[in-house]
Every structure is written in structure tokens, then in C-alpha cells.
Amino acid sequence: HVKKIYIDSFLEILSVPTINTTPDEHEFATLLEGLYTKHSSVLVQMARGAYQLRAAVRSGRISGSLKNEELEFERMNLCHNFLDRFYTSRIGIRVLAGQYLALRGPDTPHYVGMIYLKASPS
């Protein structure tokens with residue numbers, strides 16, 4: 001289901017013509033807002049999938065590809081590397097989309113988009 005969400009979203013973004021006018025930009029923002037909402041469930045779906053994979057590995061329903069190979073979820077480095085890249089990319093995309101959408105909204109004191117100007121890193 002997650003794969004389909006990403007493929008469909010990618011194809012929707014690709015279908016957007018060059019933005020030349022204010023109405024074009026409004027139409028794009030509406031599309032982006034819909035995609036932003038549609039993707040809000042992905043985090044839970046991915047977590048559920050990782051939990052189900054871990055349970056299947058631990059119960060022996062999924063085993064290693066080599067004979068007598070014991071598969072441990074915690075040692076599935078390719079899987080973990082993929083998930084790390086996936087989540088890092090997802091965070092970046094959601095921050096960019098969220099900032100773009102927030103910049104289109106009403107002004108809020110001490111904010112530029114969703115960035116709080118008085119935030120202190122300390």
C-alpha cells in the first residue's frame with residue numbers, strides 16, 4: 001500500500017505542467033496539500049510493517065536464504081539501511097512541503113512559514 005501511495009503521488013507531481021500563473025500555483029498547492037495529507041498515514045503503516053517483519057523473523061516464518069542460517073531482525077543491515085534512508089528522505093520532503101504550504105497561509109507572529117524565529121537551539 002505504501003509503495004502505491006508513493007508511485008501515485010510521483011505520477012501526480014509529474015503531471016503538473018509548468019507553473020506560470022497565480023492560479024497555476026494555487027492548483028499546485030492544492031495538489032501538494034492533498035498529497036501531504038495522503039502521506040500522513042505512511043509512518044504508521046511502515047512501523048506496522050517493520051513490527052510484522054520482526055515478528056515473522058523471530059517466529060521463524062521468515063528465515064535466511066542460506067541453509068541453517070539464523071536470521072535476526074536486529075542484524076538485517078540492508079533492511080535497516082533502507083529504513084534509515086526512507087525516513088530521512090521522508091522527513092526532508094515533509095519539511096519542505098510543510099514549509100511551502102505554511103508560507104501560503106496567514107502570517108503568524110514570530111513565524112516564517114512553520115519556522116519559529118525565536119527558537120533557541122540551546
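Start by selecting Val 2, Ile 5, Val 42, Met 46, Leu 83 and Phe 86: these six residues make up the largest nonpolar core. A nonpolar core here is a set of buried Ala, Val, Leu, Ile, Met, Phe, Trp, Tyr and Cys residues joined through side-chain atoms within 4.5 Å, and buried means under 20% relative accessible area with a 1.4 Å probe, protein chains only (over 50% is exposed, in between is partly exposed). Two or more residues of this core come from each of α1, α3 and α4. Helices (H or I, at least four residues) and strands (E, at least two) are DSSP runs, numbered from the N terminus.

Before you click on, note that the model is predicted: local features need pLDDT of at least 70, side-chain atom pairs count only at pLDDT 80 or more, and totals for chains, interfaces and linings use all residues. Residues are numbered from 1 along each chain as its sequence is written, and side-chain values use heavy atoms, with hydrogens and water left out.

Now pick Met 46. Skipping neighbours within four places in sequence, Met 46 has contacts (heavy atoms within 4.5 Å) with Val 2, Phe 82, Leu 83, Phe 86 and Tyr 87. There is also a second, separate core of five residues, including Phe 28, Ala 29, Leu 32 and Ala 97.

Next, select 77-103, helix α4. Its 27 residues should span 39 Å at 1.5 Å a residue, and the end C-alpha atoms are 39 Å apart, which agrees; the expected span is 1.5 Å times one less than the number of residues. Colour its buried residues: Leu 83, Phe 86, Arg 90, Arg 94, Ala 97, Gly 98, Gln 99 and Leu 101. What sits over them? The cover includes α1 (2-14), α2 (22-38), α3 (42-59), β1 (111-112) and β2 (115-116).

Go to α1 and pick Ser 9. Buried or exposed? Ser 9 counts as buried because its relative accessibility is 6%. Leaving out residues up to four places away in sequence, Ser 9 touches Leu 35, Lys 38 and His 39.

Asp 107 has 78% relative accessibility, so it counts as exposed. Draw a C-alpha to C-alpha distance from Asp 107 to Leu 117: they are 13 Å apart in space and 10 residues apart in sequence.

Leu 117 also belongs to the last stop, a nonpolar surface patch with Ile 91, Val 95, Leu 103, Val 112, Met 114 and Ile 115. Helix α4 gives the largest share of the patch, three residues, and Leu 103 lies in that helix.

Methods: Patches are made of residues with over 30% relative accessible area and no salt bridge: like charges are joined within 9 Å, nonpolar side chains (Val, Leu, Ile, Met, Phe, Trp, Tyr) within 5 Å. Accessible areas come from the Shrake-Rupley method with a 1.4 Å probe; for residues, only the protein chains shown count as cover. A salt bridge is a side-chain nitrogen of Lys or Arg within 4 Å of a carboxyl oxygen of Asp or Glu.
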